[in-house]
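Take a look at the model below.

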Amino acid sequence: MPRRSAQEWIRLSMRTPGILIFGMVMAPCGWILNLTSTVSPNWRTIHDIPGQATNLFIQQGIWDICEARDTSTSISCGQDDTTYFGNQIIEVAQGLMVASLVVTLVGLAVAIPGVRCWRETPNWVVAGLGGILIFLSGVMTIIPIAWYTHILEDITTETQTVTIRVGYCIVLGYIGGIFEILGGFVMFIGICRCCGGKNRGEVRVEEVRNRYNPKPTPRRVDVPSLNRPRSSASSVPYSKDSLDDDVSFPRAKSPAARSVNTADSGRPYDADL
């Protein structure tokens, strides 16, 4: 089967395809969630600390450690814990989370020129490359989040721990990473035309021609037959053949031609009578 050229496809609208809109909305939302997860010191919380007040708990993140109380809104950050920051997961999480934020911005900068809706056809290759970068940024977010959650209770710290709970940064990181993975993947599938061009909002040129210029249906015309039988219930009291028959009343006779009399005498002749 011969390969179809790109000229056989056409977009019926200047509207930006839905897959590009989806990716350009999900990527910034995921970036904001990942930024919050990176800078906020609440990857896990430590409760019921021996020798401390029962309402005191510690919030540990990848950049800072804070002390807070259930009965107060004041938070004391900048706590020193060399044992906690010496864990391998903390160093890996710091590098991957920052790299994820940077790669997301680069992916958006690459994808925006390809998603321009004022052009007749988006630059699918450029938009797809931006989608790949956004997808990779989401993966770089999920890796440290999942690793930290898996060894949540095994991360060493100077504080004697009794109860450890997951912080809200883990939840935000999961959601942000999933947003970026979905947005980048959906933008990437625009590189290849599939589903009959529906992923790009395109249709075949011949389909458009058949839709707007359909072939006229041949019209059937009934031609009357010349040898139709005459109806006996006709309202005409006579037929065409009866016109040649003799009528019941006498016809007027045409006058005979008269001969011109050139004689001097005015006496009529027998031919004139």
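## Aromatic pairs

The structure holds 2 aromatic pairs (ring centres within 6.5 Å; planes under 30 degrees apart are stacked, over 60 edge-to-face, the rest tilted). In one, the rings of Trp-43 and Tyr-148 have centres 5.1 Å apart and planes at 70°, so this pair is edge-to-face. Trp-43 sits in the loop between H1 and E2, and Tyr-148 in helix H4 (residues 124–150), so the pair ties together parts 105 residues apart in sequence. Tyr-84 and Phe-85 also pair edge-to-face, at 5.3 Å centre to centre and 75° between the planes.

Trp-43 is buried, at 0% relative accessible area (buried is under 20%, exposed over 50%, partly exposed in between, with a 1.4 Å probe and protein chains only). Tyr-84 is buried at 0%, while Phe-85 is partly exposed at 24%.

## Basis of the model

The model is predicted: local features need pLDDT of at least 70, side-chain atom pairs count only at pLDDT 80 or more, and totals for chains, interfaces and linings use all residues. Residues are numbered from 1 along each chain as its sequence is written, and side-chain values use heavy atoms, leaving out hydrogens and water.

## The sheet

An open sheet has 5 strands in the order E5-E4-E3-E2-E6, with antiparallel pairing (pairing takes at least two DSSP bridges; strands are DSSP runs of at least two residues, helices of at least four, H or I, numbered from the N terminus). Strands E5 (75–76) and E6 (163–166) stand at the edges with a single partner strand each, so one side of each lacks a neighbour in the sheet.

Definitions and conventions:
Rings of Phe, Tyr and Trp (its six-membered ring) pair if their centres lie within 6.5 Å; planes under 30 degrees apart count as stacked, over 60 as edge-to-face and the rest as tilted.
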